[in-house]
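The stops below say what to select and what to look for.

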Amino acid sequence: MAIGEAGLGSARRGARPKRLEETMRGRLGRECVYVPSCRFGLFVALRHWCPPGGRVLMSPVNDDVIFFVVLAAGLRPVQAPLNPLDASIDVDAVPDEVWGSLSAVLTTNLYGNPDDAPRLREKCDALGIPLFEDGAHAIGSEVGGRPVGAWGDASVFSLSKHVGAKAGGFLACADPGLREALEKTCEDLLLPGRFTAELAFTARPYAEAAVRGLRLRRAAWATMRLLGLMEREEIRMPLRAEELARAVDAAPDLTAHDSWIRVDMHDYRLRSGSLRLGRIGRGLDRLDEVLAACRAGTELLLSTPWARPAGPDGASELPAGAGPGSVQPLFRVPLFVADRDAAIATLARRGIVVGYLYDPPLDDYAGAAFTDPSPDPAGARWFARHALPVDPLRARRVVEVLQESGVRPAEAPGGLEPTRG
């Protein structure tokens with residue numbers, strides 16, 4: 001047994017996970033099970049509710065890790081048509097024959113902009129299939145008068161985003177009677193915690209702060225790659241189609257897909273120790289303060305020219321995240337720029353790193369061998385090509401740089417090309 005392993009295991013069922021679960025239950029109004037990562041919680045939910053071989057409607061503008069989680073659960077991803085201004089599922093554009101073939105629907109709530117959960121809930125109820133909500137980016141967002149995550153049969157959240165804990169998550173369920181079964185599934189799939197993983201987690205923020213303070217950005221990226229915390233050379237990870245086909249044949253199997261699912265988070269299924277849980281708890285206690293700051297930054301960014309691509313008639317379209325009522329506390333605000341890669345390079349020269357890009361869409365990335373392509377891919381392709389995700393906590397500095405650099409807003413999505421440019 002590794003040093004500290006027993007303590008890590010016992011901490012999983014100790015007071016700290018219970019307190020975290022109670023805190024999230026108070027926010028969401030549902031039973032919540034602490035999990036080591038959002039991706040792990042989603043796998044558990046998919047395996048619990050969906051039959052092997054089932055078909056899951058999802059967004060093609062999404063992290064490829066989520067795509068591989070769906071495959072690992074033994075399910076077939078079905079890519080949905082999207083609203084080009086916020087990458088939410090376009091409910092009306094999904095053909096009837098696709099609705100009739102589905103086993104489940106998975107929302108993304110990209111960057112915190114909610115999918116139309118009330119209408120998706122109605123659709124799923126009519127079809128007798130579960131609705132899953134991925135709330136990784138949307139822990140503070142609301143839709144239809146409820147928090148994101150309060151509409152689905154199950155929902156998953158990440159504590160690496162707004163909470164800033166770089167670990168941990170929740171699996172929430174509508175039926176409190178399922179809690180025990182979900183906990184048991186989690187326990188069966190978790191791997192023992194490692195003392196070295198806890199030490200690395202504890203040291204990581206200090207190391208990152210040191211290299212930032214010394215302006216050693218290249219050293220920081222190299223160190224992150226060495227630790228397995230950043231493994232992508234491009235936006236999407238390499239598909240490795242032949243290996244993936246063998247893994248799909250073995251599904252449902254989390255281990256067979258581990259090399260894809262663990263990317264940028266090798267401890268996604270490790271039991272959490274007391275050091276990790278303590279930091280997560282402190283971050284969760286500060287969540288409302290962070291959400292208030294995100295809301296203020298979001299409001300500023302949505303007031304800029306890049307938030308409103310002009311429509312075909314020259315009028316400004318409604319910016320993503322700006323609708324009736326208060327502004328959502330977005331995790332990232334998608335601004336729309338004519339040349340996204342040039343804008344990213346411009347910001348990088350000023351020390352601002354842009355992440356959470358999802359380009360190309362998953363059907364273009366994976367192909368028909370692994371997913372059903374969207375019946376109308378234009379919206380997803382336009383969004384993936386033009387969206388510049390901006391951290392609202394750095395809103396003022398980003399706006400200054402974009403203004404000084406003369407970054408042009410994107411042209412109207414009304415002229416979408418039928419193929420990717």
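The tour starts with the sheet and then moves to the helices.

This is a predicted model, in which local features need pLDDT of at least 70, side-chain atom pairs count only at pLDDT 80 or more, and totals for chains, interfaces and linings use all residues. Residues are numbered from 1 along each chain as its sequence is written, and side-chain values use heavy atoms, with hydrogens and water left out.

**The sheet**

Select the seven strands that form an open sheet in the order S1-S9-S8-S5-S4-S2-S3, with mixed pairing. Helices (H or I, at least four residues) and strands (E, at least two) are DSSP runs numbered from the N terminus, and two strands pair if DSSP finds at least two bridges between them. At the edges are S1 (31-35) and S3, each of which pairs on one side only. From one strand to the next the twist averages 20 degrees.

**Two strand pairs**

Next select residues 55-58 (S2) and 76-79 (S3), which run parallel and are joined by four bridges. Valine 56 stands opposite proline 77 of S3.

Now move to S8 (residues 154-158) and S9 (residues 169-173), an antiparallel pair with five bridges. Here alanine 154 has cysteine 173 in S9 as its bridge partner.

**Helix H3 and its neighbours**

Select residues 38-49, helix H3, together with H4: the two pack at an angle of about 30 degrees, with axes 9 Å apart. Axes are lines fitted to C-alpha atoms, for helices over the stretch in contact, and angles run from 0 to 180 degrees between N-to-C directions. H3 is therefore roughly parallel to H4 (angles under 35 degrees count as roughly parallel, over 145 as roughly antiparallel, 65 to 115 as roughly perpendicular and the rest as oblique). Show side chains: Arg39, Leu42, Phe43 and Leu46 in H3 meet Val65, Ile66, Val69, Val70 and Ala72 in H4, where contact means heavy atoms within 4.5 Å.

Then select residues 179-189, helix H7, whose axis comes within 10 Å of that of H3 and crosses it at roughly 120 degrees. H3 and H7 are therefore oblique to each other. Phe40, Phe43, Val44, His48 and Trp49 in H3 meet Ala181, Leu182, Thr185, Cys186 and Leu189 in H7.
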